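Student: I would like to learn how to read a few features of a model. Please take them one at a time.

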Amino acid sequence: MGSYYINRTFFFDVHPPLGKMLIGLAGYLSGYNGTFPFQKPGDRYGHHNYIGMRGFCAFLGSCLVPFAYLIVLELSKSLSAALLAASILIFDTGCITLSQYILLDPILMFFLMGAVLSMVKYNSCAVRPFSAPWWFWLSLTGVNLAGAIGVKFVGLFVVLLVGLNTVYDLWELLGDLSLSLVTLGKHLLARVFCLILLPLVLYTAQFAVHFAVLNKSGPGDGFFSSAFQSRLIGNNLHNVSVPEHLAYGSVITMKNLRMAGGYLHSHWHLYPEGVGARQQQVTAYLHKDLNNLWVIKKHDSNTADHLDPSCSVEFVRHGDVIRLEHKETSRNLHSHQHEAPMTRKHFQVTGYGINGTGDANDFWRIEVVGRKSGKRIKVLRSQIRLTHLATGCILGSSGKTLPKWGWEQVEVTCTPYVKETPNALWNVEDHINPKLPNISLDVLKPSFPEILLESHMVMIRGNSGLKPKENEVTSKPWHWPINYQGLRFSGVNETDYRVYLLGNPVVWWLNLVTIGLYLLMATCTIVAIKRGAQLTVEFKELSEVLLHSGGKIMLGWLLHYLPFFMMGRVLYFHHYFPAMLFSSMLTGITWDTLLKFCAGCLSCSMGKRVYTYGMLALMLLIVYR
Amino acid sequence: MLGFLKQPVVVTAEINMNLVALTVMGLVNRLWALSYPRAVVFDEVYYGQFVSLYMKRIFFVDDSGPPFGHMLLAFGGYLGGFDGNFLWNRIGAEYSMNVPVWSLRLLPALTGALCVPLAYQILVELHFSHCAAFGAALLILFENSLITQSRLMLLESVLIFFILLAILSYLKFYNLQKCSPFTAGWWFWLLLTGVACSCAVGVKYMGLFTYMLLLAIAGVHSWHLIGDQTLSNVSVLCHLLARGLALVVVPVAMYLSFFYVHLTVLYRSGPHDQIMTSAFQASLEGGLARITQGQPLEVAYGSQITLRNVLGKPVPCWLHSHKNTYPIRYENGRGSSHQQQVTCYPFKDVNNWWIVKDPGMQQLVVSNPPRPVRHGHIVQLVHGITTRYLNTHDVAAPLSPHSQEISCYIDYNISMPAQNLWRVEIVNRESDTDVWKTILSEVRFVHVNTSAVLKLSGASLPEWGYRQLEIIGEKLSKGHHQSMLWNVEEHRYGKSQEQKEREVELHSPTQADISKNLSFMARFTELQWKILTLKNEDTEHKYSSSPLDWITMDTNIAYWFHPISGAQIHLIGNILTWASANVATLVYVCLFLWYLLRRRRKICDIPEDAWRLWVSAGGLCVGGWAVNYLPFFMMEKTLFLYHYLPALTFQILLIPVVLQHLTDHLCRSQLPKNMFSALMVAWFSSIYLVYRTFSPLTYGEPTLSAAELRSLRWKDSWDILIRKH
């Protein structure tokens with residue numbers, strides 16, 4: 001992906017750009033020239049210089065260990081707990097594998113841990129608010145949040161974690177009656193500024209850089225609207241010159257105006273049996289394709305005379321009744337009172353007729369939004385509505401994906417409900433008519449917020465549309481913590497060496513046991529406190545650590561794990577790794593507290609010995625693998 | 001001796017006339033002209049078929065929910081003497097004379113009517129004034145959508161009834177908690193909470209949401225109890241155990257009992273048998289049980305068997321082979337072995353018969369005494385009609401090129417030897433020497449040479465394979481997926497050595513006698529699992545809607561339409577009530593946040609009691625609304641407006657809560673109070689007016705003219721059927 005940045009071609013991916021930009025930057029600095037295709041896992045790099053990129057990722061990956069150490073140290077004030085957590089991460093094979101290659105995950109985890117670390121730090125600075133370190137850690141949290149969410153949308157979970165923590169924080173401050181309202185306001189503003197505005201600005205800045213760097217046309221164009229495409233050098237809409245007004249006989253493509261809407265498309269395949277009439281499918285298709293071309297014809301006359309060069313050009317006007325003929329298959333755009341395949345309340349749209357002879361259901365009235373009748377129709381700029389004459393419905397794209405028989409393209413329907421939505425509006429994008437002079441149009445310069453919004457819509461759609469390919473290793477969320485199945489990264493042949501992503505079983509099962517143990521301990525402690533048990537000072541501190549610090553980490557684990565159960569998209573094993581970081585830290589804290597509890601119960605010297613031996617045993621257990 | 005006679009026997013009855021009046025009004029309003037229209041209305045077509053099946057005692061599986069709701073409807077049919085003979089095929093079809101429409105619709109209508117006094121009671125138990133409670137009941141009474149839903153043979157009103165009942169009994173229980181724990185009344189209401197919860201869940205899985213809410217509320221209350229230091233540890237434990245018993249154990253037991261009744265009542269085989277495993281089918285009367293009765297239990301060498309795939313998806317099917325061979329080349333240019341096809345065939349056929357053969361012997365009959373096949377034994381499977389051996393080899397399967405092709409071996413003399421030895425692995429064995437049993441054993445066939453496993457791939461073959469399902473040899477046999485498991489369904493001991501005789505034998509039906517009984521728990525687990533996992537084709541309905549449309553009621557559902565007169569029934573709510581409910585929710589949330597923040601700063605706008613009331617009532621109503629509404633955003637199934645009704649009920653209960661709070665705490669002086677009351681009267685009358693206006697669409701009569709209908713279309717998105725003349 002980094003190649004694209006170096007070559008400056010525009011592309012489309014479901015993740016935000018920061019991670020790829022960083023990789024691209026690392027590659028650029030280390031002299032990688034962006035020519036390697038990166039087509040499938042297992043290809044050899046050959047002479048390409050990839051060490052820089054890998055080194056960059058590995059460096060970020062190895063930062064996780066000190067981060068975990070610092071976080072746990074800060075939370076529990078216990079050196080051994082911190083060492084335990086850190087050693088778990090050092091000796092976990094999964095983490096090592098994941099951070100050795102050019103992937104987004106090490107970068108994501110770096111920012112994520114960074115955010116947690118700075119959050120913990122600023123919490124511990126809370127005694128001296130508005131001091132320099134306080135400001136530093138607070139704004140660093142914001143920066144890291146922006147980084148995390150800029151790499152992958154999974155970063156949202158850590159934003160949620162920090163958000164919840166901040167709300168709790170503010171709630172405590174609110175209850176503190178010694179603070180005046182003005183101080184409270186300052187606290188609130190500081191947090192709003194550092195944790196909301198700062199990340200937003202940084203995040204937007206990433207996109208600004210992204211768009212500024214990628215200014216050449218590339219493979220991802222078709223996902224975006226006509227206006228968006230006109231920005232890209234090399235796209236046929238960049239510095240476009242087309243006939244300005246639509247005329248009969250023109251060959252056009254029509255693009256739906258909704259965000260990430262497709263081109264009006266048709267192909268030889270028929271609707272399957274049981275789905276309306278068995279006629280040719282009409283869909284919306286996101287890529288540029290010959291099958292997107294349509295010819296505008298008059299509803300009553302036949303085809304030939306418009307192409308005749310001697311005949312004068314007749315322009316299409318607002319309110320005209322037209323026929324749209326699909327160029328490849330020469331069928332007419334047709335609709336009738338059958339249910340549409342997905343949206344049952346709408347009518348089905350088909351391709352009908354042979355060589356342009358159809359019936360009265362092929363007639364559409366063409367209208368431009370906000371114009372009077374009789375005006376000409378402009379390419380790109382006019383927003384067109386096509387009304388079906390016989391039924392009065394409006395051509396629209398519902399945004400739903402058709403099943404396999406429709407090649408997973410987007411459904412096109414004719415909606416009987418007359419509403420002003422972008423779903424039902426189209427614009428003409430390509431326009432070919434040899435008889436008309438080409439006029440250069442410097443029309444659509446979309447503003448930055450528009451581009452930003454649009455690229456997000458496209459990403460979200462892409463994300464939810466990820467479906468498993470045949471024979472791909474996918475897994476279910478409950479597989480993950482038990483280390484049920486790994487993920488093959490590389491190595492197609494038997495002879496080749498393979499890279500297999502799999503966690504260290506001892507570590508993982510220890511983590512799993514610890515989560516149960518933690519819940520048990522937390523419940524016991526909290527019930528004991530609620531029942532008014534008298535605790536010594538030492539125990540009080542311990543339970544404080546257990547409930548507050550452990551609670552934060554536990555919350556982090558839950559937030560990074562549970563949402564996956566509700567996700568519809570394809571899930572892979574490596575999605576669990578952020579949650580795994582949290583559960584490793586939890587392991588450190590829990591065992592440390594448990595052993596200290598035991599030590600406290602026994603006599604002093606005896607207790608110390610138990611504690612030391614316990615710690616050593618755990619360490620050895622981990623190193624053993 | 002007769003001392004007690006000295007005192008007169010006195011019965012003191014205290015009757016709350018409000019309640020009586022509300023109940024009567026509710027009954028009138030819900031039961032009026034109940035048997036009109038005498039035609040199938042909307043989802044009656046769906047529930048009706050299950051009622052019929054209950055009447056005929058035929059087993060069925062319904063993926064929409066647990067059986068208690070269907071059972072209640074069927075109970076109505078039973079009381080009315082319904083014989084189940086009606087073809088539920090079309091909405092709008094006239095009922096024949098044998099269908100007791102009135103009694104079928106009676107139960108939902110009764111429960112719907114009882115919701116009115118329940119609402120009243122709930123608000124009273126929440127310590128609100130009788131006036132507010134009366135208002136809440138009236139709002140429920142005049143809610144058109146609730147009326148429509150309860151006047152038909154549908155389940156929502158039953159669900160709402162049980163939900164409200166659970167809430168009410170929990171509140172009663174909680175109020176008794178302070179003064180007299182562990183008395184009879186306390187136990188009664190506590191247990192009733194559990195029972196009502198399980199009934200709600202038993203009617204529809206939506207009931208789970210309210211159940212969870214109640215559990216959460218009970219959890220919070222128990223937490224306070226734990227913190228109560230005046231109680232001893234033992235009594236706290238008793239309290240917790242009592243709650244655990246009533247709110248967890250009792251509902252689970254009740255839920256199981258629904259299934260027990262369901263399975264006991266439905267003992268005949270029916271249309272959905274195929275979904276279930278052979279063992280389950282064998283427990284039903286007729287159908288498979290008739291065939292399998294008296295089969296030999298243990299599979300022996302020489303046994304003639306049919307093998308059914310355990311998975312049952314996409315369709316249940318049997319291992320099958322026929323004379324036709326795989327095409328030499330597939331459409332994509334890959335080659336095949338050109339040997340005889342092996343498929344999975346979803347219908348009973350003589351070609352589904354296979355014979356278990358000992359590789360060491362030639363004979364295809366069962367010796368005397370029979371030598372049973374055990375776990376780990378190596379067998380050959382001979383196709384009964386063609387006498388070819390089941391075989392697999394290193395050739396790619398037709399549709400799944402990463403797996404091996406399975407064929408029946410034909411020797412073409414082209415140095416492709418037969419590889420037809422299979423090891424029998426009984427997956428659900430108890431010991432390693434278990435015998436392979438008919439129906440009960442789930443078996444994997446592992447190929448001896450290549451260790452591939454016989455598996456149903458789920459894809460269906462193209463035209464040359466007659467669209468039957470593909471069978472493959474899976475090389476990477478990780479896990480125990482059900483598509484690799486097979487069980488013997490039909491079975492008999494082969495007697496004829498000659499091919500001709502054997503063919504006759506294969507065509508003849510099996511006979512003999514042993515009956516198999518599956519334990520209730522096994523049947524329950526299987527049925528429950530099927531209900532949860534069975535997915536109907538995701539069909540979008542004309543009247544389906546998205547949750548966002550519900551709040552503002554942007555959509556309605558046309559339930560029924562008289563083809564001649566044009567009379568129609570719609571699920572359409574009282575728009576004024578819906579709007580007020582939304583406003584009330586909004587006001588509640590804003591005020592709640594305001595109070596909360598202010599209290600944190602130790603500024604108390606309202607007294608402590610009022611605050612506690614405000615939190616508990618709001619937690620119940622807003623919480624009930626949220627848990628019954630928000631989860632729908634994450635559901636992918638087809639949703640309808642009626643899914644919103646339980647949430648709406650909670651939202652309606654919130655209106656009087658907010659109103660009373662406003663009058664009590666915000667209108668301090670007399671004048672605004674009077675104005676407020678006047679406003680209330682006006683508001684209630686307009687709600688009544690809206691109810692009257694839309695009642696023709698609720699009750700289906702009187703018939704309205706086109707112009708009147710058009711004037712009722714208050715929102716453009718409402719789909720009111722106006723006939724063109």
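Student: Where is Pro37(B) found?

Tutor: Helices (H or I, at least four residues) and strands (E, at least two) are DSSP runs, numbered from the N terminus. Pro37(B) sits in the loop of chain B between helix 1 (17–31) and helix 2 (44–56). The peptide bond from Tyr36(B) to Pro37(B) is cis, with omega near -5°. Another cis bond joins Glu701(B) and Pro702(B), with omega about 0°; Pro702(B) lies in the loop between helix 19 (670–699) and helix 20 (706–712) of chain B.

Student: What should I know about the model and its numbering?

Tutor: This is a predicted model, in which local features need pLDDT of at least 70 and side-chain atom pairs count only at pLDDT 80 or more, while totals for chains, interfaces and linings use all residues. Residues are numbered from 1 along each chain as its sequence is written, chains are lettered from A and ligands numbered from 1 in the order in which they are written, and side-chain values use heavy atoms, with hydrogens and water left out.

Student: What is the phi of His338(B), and is the residue buried or partly exposed?

Tutor: Buried means under 20% relative accessible area, exposed over 50%, and partly exposed in between (1.4 Å probe, protein chains only). His338(B) has a positive phi near 60° and is not a glycine. The residue is in the loop between strand 2 (318–325) and strand 3 (340–345) of chain B, and counts as partly exposed because its relative accessibility is 28%. Arg467(B), also not a glycine, has a positive phi of about 60°. Its loop runs between strand 10 (453–460) and strand 11 (469–474) of chain B, and Arg467(B) counts as exposed because its relative accessibility is 52%.

Student: How many helices and strands are there in chain B, and what percentage of its residues is buried?

Tutor: Chain B has 20 helices and 14 strands. Of its 725 residues, 54% are buried. The C-alpha trace of chain B spans about 105 × 80 × 65 Å along its principal axes.

Student: Where does UniProt place the feature "domain: MIR"?

Tutor: UniProt positions are given in the numbering used here, feature names are shortened, and annotations may be inferred rather than shown by experiment. The unreviewed UniProt entry puts "domain: MIR" at residues 296–359, 370–427 and 431–491 of chain B. Residues 296–359 of chain B are 0% helix and 41% strand, with end C-alpha atoms 22 Å apart. For residues 370–427 of chain B, the values are 0% helix, 40% strand and 23 Å between the end C-alpha atoms.
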